[in-house]
Amino acid sequence: MPELPELAAVAAYLSDRTVGETIAAVDATAFSVVKTYDPPLEALVGGEVISVARHGKFLDIHADDVHLVLHLARAGWVRYSENLPSGRPKPSRSPLALRVKLTDGSGFDLTEAGTKKRLAAYVVRDPRDVDGVAALGIDPLSPDFTVDALAGIVSGRRSQIKGVLRDQKLIAGIGNAYSDEILHAATMSPFALASTLATEDVSRLHAAIVETLTRSVARAADVPLHRLKDSKRTGMRVHGRAGKTCIVCGGTVAEVSFADSSLQYCPTCQTGGKLLADRRMSRLLK
């Protein structure tokens, strides 16, 4: 799933190539992808692209008086082309869900792999008309995200810190992968309760959030869209590296599996050598 660094790169990439251009056509081939009806999808046609921005894990293409807000979910992606095929795309079993074509022939496709279709597109007059955008918490790369702001978020919250980092209503843009990376950088257990963090823990976690995301945004900045996913994977220190060597301590990266996801961590760096209970294996052993 693309997270803050990848979406920042996609927004910058599209901004460089679409701002100032006029939208010639917008075609949905997967009709379930469009979640709004007023304004209609056709309201984008003829609009000049003013900006492309990111709100948490949402992309926002602003064209004249309307916004095309996109949520790529787990398997969605953006594919830009300087020369899109002529003619309107037809519904099919291909990954193509939505095509935005500009008057110069360029544009981008929204695609979604797999059978679980969660890609979402909204045409709205204000991005905050999208419930998910309106509910977003603080952006971790904004000036307002201070140590005190993070302390206020974790204070009294009896939730595992991994879940707090992923809660978009608290902190916007961090998902499964970067929460693993942040907690590794902060030498903190993903199961630690947010309410138990001491002042020095909060400061260390804040530094890890800002440094990890800033470094990852810079790393993704000049990567072509078709290589962003691979670039993300190769830049991970613990996420997706279960069974491999921790590049910090030389220990072995471990994993905890859940119903539809997993987390990775280094026991030596983060839990004092203790292996965390794998919930999936625990159920199998009962």
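Colleague: How many aromatic pairs does the structure hold?

Modeller: This is a predicted model, and the structure holds 1 aromatic pair. A pair of aromatic rings is described by the distance of the centres and the angle of the planes. Here Tyr13 and Tyr80 form the pair, with 6.0 Å from centre to centre and 75 degrees between the planes; because planes over 60 degrees apart count as edge-to-face, the pair is given that name.

Colleague: Which parts of the chain does the pair link?

Modeller: The pair links distant parts of the chain, since Tyr13 belongs to helix H1 (residues 4-18) and Tyr80 to strand E5 (residues 76-81), 67 residues apart. The ring of Tyr13 also has the charged end of Arg17 sitting over it, 3.5 Å from the ring centre.

Colleague: In what order do the strands form the open sheet?

Modeller: Strands of a sheet pair through backbone hydrogen bonds, either parallel or antiparallel. In this model 4 strands form an open sheet in the order E2-E3-E4-E8, and the pairing is antiparallel. Strand E2 (49-55) and strand E8 (120-124) stand at the edges with a single partner strand each, so one side of each is left without a neighbour in the sheet. From one strand to the next, the twist averages 15 degrees.

Colleague: How many bridges join strand E3 to strand E4?

Modeller: Strand E3 (residues 58-63) and strand E4 (residues 66-71) run antiparallel and are joined by 6 bridges; as one case, Leu59 has Leu70 in E4 as its bridge partner. Helix H1 packs on the sheet, where H1 touches E2 and E3, and the direction of H1 makes about 175 degrees with that of E2.

How values were computed. Residues numbered from 1 in each chain as written. Predicted model: local features only at pLDDT ≥ 70, side-chain atom pairs only at ≥ 80, totals over all residues. Heavy atoms only, no water. Phe/Tyr/Trp six-rings, centres within 6.5 Å; stacked < 30°, edge-to-face > 60°. Helix = DSSP H or I, 4+ residues; strand = E, 2+ residues; numbered from the N terminus. Lys NZ or Arg CZ within 6 Å of the ring centre and 35° of its normal. Pairing = 2+ DSSP bridges. Axes fitted to C-alpha atoms, helices over the stretch in contact; angles between N-to-C directions. Contact = heavy atoms within 4.5 Å.
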